[in-house]
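Subject: Handover of the model, with notes

Hello,

Here is the structure for you to take over.

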Amino acid sequence: MLTRRIIPCLDVDAGRVVKGVRFENIRDAGDPVALAQHYAITGADELVMLDITATIEKRETMRETVRHLREVLDIPLTVGGGVREMGDAENLLMAGADKVSVNSAAVTNPAMITAMAQHFGRQCTVLAIDAKKNSPTTWEVMVQGGRKGTGMDVVTWARDAVARGAGEILLTSLDRDGTQQGYDLELLRAVSAAVHVPVIASGGAAHVMHMVDAFGAGADAVLAASIFHDGHTTPQRVKAELSEQGIRVRL
Amino acid sequence: MADVFVIATGVANLASVMAAWRRLGLVAETTTDAATVHNAPRVMLPGVGSFGAAMQALEKHGMAEALRYRWQHKKPLMAICVGLQVLAEKSEESDGARGVGIIPHNIVAIPAAPRLPQFGWNDVEGEGNFPYASGFAYFANSYCLPKIPAGWQGAWVDYGSRFVAAMSCHNWLACQFHPELSGPYGARIMTQWVQSC
């Protein structure tokens with residue numbers, strides 16, 4: 001039986017991990033390579049790295065980071081953030097990413113999803129959606145790092161993107177991101193029921209029970225950043241606790 | 001000479017595979033040359049893209065013939081993911097495309113799969129005398145080989161239905177999963193294959 005995946009997420013700006021990393025047991029916790037290797041050794045099933053670099057000039061740094069990560073990483077790596085055109089996706093794949101996630105560019109140009117799926121394969125094509133709650137049962141697709149609304153409905157967009165070739169959905173709740181209140185379970189239920197591809201839950205995880213709830217709501221994998229960056233726990237320990245809760249994981 | 005030659009005819013991202021060989025301390029080189037694939041001590045056939053696209057790229061470089069040559073002459077080969085699938089006759093993924101035809105079976109969409117693609121870590125369980133280790137491996141597939149071909153030894157994986165996770169015959173090893181992304185287990189499988197040939 002397939003196991004549920006635990007995916008630490010690194011936010012990287014110009015080659016440095018930026019978001020709330022407070023490790024004491026790693027020499028340089030801002031170094032994405034050191035951190036990624038630490039996560040791989042301590043039981044991460046996969047890694048996501050998001051490039052939050054604002055300037056295009058620094059993009060080459062990101063490709064260099066992906067190259068270095070690939071050398072040490074023996075688990076899958078998804079890279080996203082700032083993927084605007086096919087050439088960006090190709091550069092990241094050539095540098096060593098196994099999957100590439102697209103967000104704003106896919107909204108502006110949905111044909112890019114189809115092009116990626118046809119050229120690189122569905123299994124390389126991840127759609128990232130940033131969702132903001134409009135009503136108890138509807139969510140709006142937000143772009144440009146969550147700053148700009150699109151008027152598009154999240155569930156409709158997820159369905160459309162999968163029909164175009166997206167092989168996985170990385171679903172972030174902007175309402176929950178950074179709140180530590182747990183994943184948005186209604187959002188997860190709605191999207192995972194609407195599509196047949198795997199859905200990764202993101203935004204709001206503070207402890208293991210939040211992950212148990214997310215899996216119960218249909219998530220195939222959970223993304224978490226701060227819970228691991230704090231250094232208080234490891235993917236391995238989280239998975240041992242999940243296993244005790246009856247969730248099947250790779251131990 | 002390199003320890004392993006990796007066939008690089010597709011629109012492949014071979015970075016993961018090449019890095020995996022380097023981590024094992026082996027020298028791997030990519031090749032698009034059929035003569036090299038005829039003669040190399042060890043060849044890896046990585047899996048990228050669809051069945052049809054992979055076959056088209058292999059045929060264009062004379063690789064299908066080179067692979068059949070290696071099979072007939074019992075020269076070592078390791079195939080990954082779509083690399084396993086193209087050894088079959090044909091696939092539901094690509095109507096009309098012909099495979100390398102080394103195993104007399106067809107590739108099908110995974111029956112009764114909860115979600116497609118299957119993404120993630122699943123149990124690889126060897127059957128009978130399958131010479132490789134069992135363990136958790138990383139899969140990324142929507143299509144599969146439903147039975148172990150006659151003369152091969154195999155391992156199973158279960159995702160809605162049971163299909164071939166890996167199979168071996170003399171010094172050939174074909175994996176549906178990605179050993180290069182399967183942590184220490186994948187490294188162990190790759191090492192075991194290299195040591196077997």
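The notes cover a helix pair in chain A, then the sheets of chain B.

This is a predicted model, so local features need pLDDT of at least 70 and side-chain atom pairs count only at pLDDT 80 or more, while totals for chains, interfaces and linings use all residues. Residues are numbered from 1 along each chain as its sequence is written, and chains are lettered from A and ligands numbered from 1 in the order in which they are written.

**Chain A: two helices**

Helices (H or I, at least four residues) and strands (E, at least two) are DSSP runs, numbered from the N terminus. H2(A) spans residues 59–72 and H3(A) spans 86–95; their axes come within 8 Å and cross at roughly 30 degrees. Axes are lines fitted to C-alpha atoms, for helices over the stretch in contact, and angles run from 0 to 180 degrees between N-to-C directions. H2(A) is therefore roughly parallel to H3(A) (angles under 35 degrees count as such). H2(A) contributes Arg63(A), Val66(A) and Arg67(A) to the contact, and H3(A) contributes Asn91(A), Leu92(A) and Ala95(A). Contact means C-beta atoms, placed from the backbone, within 7 Å.

**Chain B: the 9-strand sheet**

Two strands pair if DSSP finds at least two bridges between them. An open sheet of 9 strands runs E2-E1-E3-E4-E12-E11-E10-E7-E8 in chain B, with mixed pairing. Its edges are E2(B) (28–31) and E8(B) (135–141), each pairing on one side only. Neighbouring strands are turned by 25 degrees against each other on average, direction ignored.

E3(B) (43–45) and E4(B) (77–80) pair in the parallel sense over 3 bridges. Leu45(B) has Ala79(B) as its bridge partner in E4(B). Helix H1(B) (15–23) lies across E1(B), E2(B) and E3(B), at about 175 degrees to E1(B).

E10(B) (153–159) and E11(B) (161–169) are antiparallel, with 7 bridges. Their hairpin has 1 residue between the strands, and Gly160(B) takes a positive phi near 80 degrees. E11(B) also pairs with E12(B) (172–175), antiparallel over 4 bridges. That hairpin has 2 residues between the strands; His170(B) takes a positive phi near 35 degrees.

**Chain B: the 3-strand sheet**

This open sheet has the order E5-E6-E9, again with mixed pairing. E5(B) (90–91) and E9(B) (143–144) are the edge strands. E6(B) (106–109) runs antiparallel to E9(B), joined by 2 bridges. Val108(B) has Cys144(B) as its bridge partner in E9(B).

Best regards

Key:
Angles under 35 degrees count as roughly parallel, over 145 as roughly antiparallel, 65 to 115 as roughly perpendicular and the rest as oblique. Two residues are in contact if their C-beta atoms, placed from the backbone, lie within 7 Å.
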